[in-house]
Amino acid sequence: MNGRVDYMVTEEEINLTRGPSGLGFNIVGGTDQQYVSNDSGIYVSRIKEDGAAARDGRLQEGDKILSVNGQDLKNLLHQDAVDLFRNAGYAVSLRVQHRLQVQNGPVVHRGEGEPGGIPVAVVLLPVFALAIVTAWALMRYRQRL
C-alpha cells in the first residue's frame with residue numbers, strides 16, 4: 001500500500017425537475033469566492049433531503065457543475081451563478097463533473113450487495129487448521145503401526 005490517492009473524473013448530464021423547494025441543493029464557488037484553490041468553478045456544497053437532487057440520486061456533494069441548460073458556468077461571480085439556477089426554469093439540465101477517489105489501484109465496479117474481496121485470514125485460517133488436524137491424525141496413525 002503506497003498511500004497515493006488518485007482521482008478519476010467523469011462527466012454526466014443530469015436532468016432535474018424543480019420541486020417545491022427548488023432543485024434541492026446548495027452551491028459554493030465562483031470567481032469571487034473560490035471553493036477549490038485555483039478553480040473558480042461552481043460546486044455542490046449540500047444536497048437537501050427529499051429535494052429534487054436527492055430523489056434523483058446522481059448529484060453528489062463535491063460535484064462540479066459545468067453548465068446549466070447548456071450555459072457554461074466558467075468565470076461567473078457566485079451571485080450570477082445563483083441567479084442562473086434560480087432562473088433556469090422548471091426542467092433543468094445540468095452538466096456535472098464527478099471526481100471519484102481511487103486509492104491504490106484500479107476502480108472495480110461492483111453490484112449493490114455484491115461482496116468485495118475475501119480477507120486473506122478468512123482463507124488461510126481454515127487451511128492452517130486443516131493442516132494441523134491432518135498432521136495430528138498422521139502422527140496418531142504412525143504411532144499405532
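Helices (H or I, at least four residues) and strands (E, at least two) are DSSP runs, numbered from the N terminus. The model is predicted, with local features needing pLDDT of at least 70 and side-chain atom pairs counting only at pLDDT 80 or more, while totals for chains, interfaces and linings use all residues. Residues are numbered from 1 along each chain as its sequence is written, and side-chain values use heavy atoms, leaving out hydrogens and water.

View 1. Read from the N terminus, the order of elements is β-β-β-α-β-β-α-β-α. The chain has 145 residues, and 27% of them are buried. Buried means under 20% relative accessible area, exposed means over 50%, and partly exposed lies in between (1.4 Å probe, protein chains only). Take the contacts (heavy atoms within 4.5 Å) with a separation of 6 or more: 63% of them join residues 24 or more positions apart.

**View 2. Strand 4 pairs with strand 3 and with strand 5.** Strands pair if DSSP finds at least two bridges between them. Strand 4 covers residues 64-68, and five of its five residues are buried. Strand 3 (residues 42-47) runs antiparallel to strand 4, joined by two bridges. Here Ile-42 has Ile-65 as its bridge partner. Two bridges also link strand 4 to strand 5 (residues 71-72), again antiparallel.

**View 3. A hairpin turn holds Asn-69.** Strand 4 and strand 5 form the hairpin, with two residues between them. Asn-69 is not a glycine, yet its phi is positive, at about 50 degrees. Asn-69 is partly exposed, with a relative accessible area of 40%.

**View 4. Asp-50 sits in a loop.** The loop lies between strand 3 and helix 1 (52-56). Asp-50 is another residue than glycine with a positive phi, near 65 degrees. Its relative accessible area is 58%, so Asp-50 counts as exposed.

**View 5. Four residues make a nonpolar surface patch.** They are Val-120, Val-123, Leu-124 and Val-127, and the patch spans about 360 Å². Patches take residues with over 30% relative accessible area and no salt bridge; like charges are joined within 9 Å, nonpolar side chains (Val, Leu, Ile, Met, Phe, Trp, Tyr) within 5 Å. A salt bridge puts a side-chain nitrogen of Lys or Arg within 4 Å of a carboxyl oxygen of Asp or Glu. Accessible areas come from the Shrake-Rupley method with a 1.4 Å probe; for residues, only the protein chains shown count as cover. Val-127 belongs to helix 3 (residues 120-144). Val-127 counts as exposed because its relative accessibility is 51%.
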